[in-house]
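Me: I'm new to looking at structures and would like a close look at a single part. Could you take me through it slowly and then show me what lies around it?

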Amino acid sequence: MNWDELKKVCSECQNCELCNTRTNCVFGVGNENADLLFVGEAPGEQEDLSGTPFVGRAGQLLDKFLYAVDIKREDVYIANILKCRPPKNRDPLPEEEDACIGYLREQVALINPKIIVCLGRISAMRLIKPDFKITKEHGQWFKKGNYLMTAVYHPAALLRDPRKKEDMLEDMKKIKEKLLEN
Ligand code: URA
């Protein structure tokens with residue numbers, strides 16, 4: 001599938017129950033040739049309303065960290081594991097992830113990034129390994145196929161616990177370095 005086909009199929013998706021409660025399918029945004037792909041968990045309220053990932057409070061905090069390490073949001077691609085918002089922002093159900101993950105796989109194949117950064121535990125458990133421990137393993141590097149992968153704290157976790165922001169900044173600096181090396 002090409003980008004247009006993928007976006008159309010995704011916008012009309014009825015693979016799971018979340019299609020009944022969504023306002024918009026939140027496909028993803030950014031540079032379709034990016035070296036760096038960020039993958040979050042699922043759209044929240046603002047994302048559902050706007051159709052764009054990471055535009056709410058967590059997204060604004062992510063923007064600050066990108067700015068801090070001189071990475072432009074328009075140079076990266078940002079997507080989520082789930083393209084539709086779970087009611088009341090509950091965690092994605094395994095069957096919802098299974099129903100949706102194919103879209104992300106197609107996105108990864110089309111973008112062919114050098115580095116994939118999981119935003120938070122849910123994304124890391126799905127993309128890096130099922131027993132991923134975010135507190136212990138954030139900022140570590142994993143090689144999967146052609147891709148270098150790492151995970152950082154989810155920006156929403158930083159809003160809940162600002163003490164984690166120091167680690168986030170260190171991890172983002174390492175990501176920037178890796179990007180320049182590769
Ligand atoms: N949290 C996510 O994981 N993704 C978004 O797009 C917004 C908030």
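How do the residues of the lining of the largest pocket divide into nonpolar, polar and charged?

Reply: First, a word on what we are looking at. This is a predicted model, so local features need a pLDDT of at least 70 and side-chain atom pairs count only at pLDDT 80 or more, while totals for chains, interfaces and linings use all residues. Residues are numbered from 1 along each chain as its sequence is written, and side-chain values use heavy atoms, with hydrogens and water left out.

Now to your pocket. The lining of the largest pocket has 13 nonpolar, eight polar and nine charged residues. Here Ala, Val, Leu, Ile, Met, Phe, Trp, Tyr, Cys and Pro count as nonpolar, Asp, Glu, Lys and Arg as charged, and the others, Gly among them, as polar. The search uses a 1 Å grid over the protein atoms alone: a pocket is an open set of points with protein on both sides within 12 Å along at least five of seven lines, a cavity is a set where a 1.4 Å probe fits but cannot get out, and lining residues have an atom within 4 Å of a point. Points are joined across faces, edges and corners, and a volume is the space filled by probe spheres set on them.

The largest pocket holds about 710 Å³ of space. Its lining counts 30 residues, and E41, A58, H154, A156 and R160 lie nearest the centre. Helix α7 (155-160) gives the most to this lining, with four residues, and α2, α3, α5 (121-127) and α7 each supply at least two. These names come from DSSP runs numbered from the N terminus: helices are H or I with at least four residues, strands are E with at least two.

T52 is partly exposed, because its relative accessible area is 25% and buried means under 20%, exposed over 50%, and partly exposed in between (1.4 Å probe, protein chains only). Beyond its neighbours within four places in sequence, T52 is in contact (heavy atoms within 4.5 Å) with V26, V29, E47 and R73.

V29 leads us to the strands, as it stands opposite I78 in β3. Strand β1 (residues 29-30) pairs with β3 in the antiparallel sense over two bridges; two strands pair if DSSP finds at least two bridges between them. On β2 (residues 36-40), which runs parallel to β3 and is joined to it by four bridges, V39 stands opposite A79. Strand β3 (residues 77-80) is covered on both faces, with Y77 and A79 buried on one side and I78 and N80 on the other.

From here we reach the core. A nonpolar core is a set of buried Ala, Val, Leu, Ile, Met, Phe, Trp, Tyr and Cys residues joined through side-chain atoms within 4.5 Å. The largest one has 54 residues, and L36, F38 and L127 have the most contacts inside it. Helix α4 (residues 94-111) gives the most to this core, with six residues.
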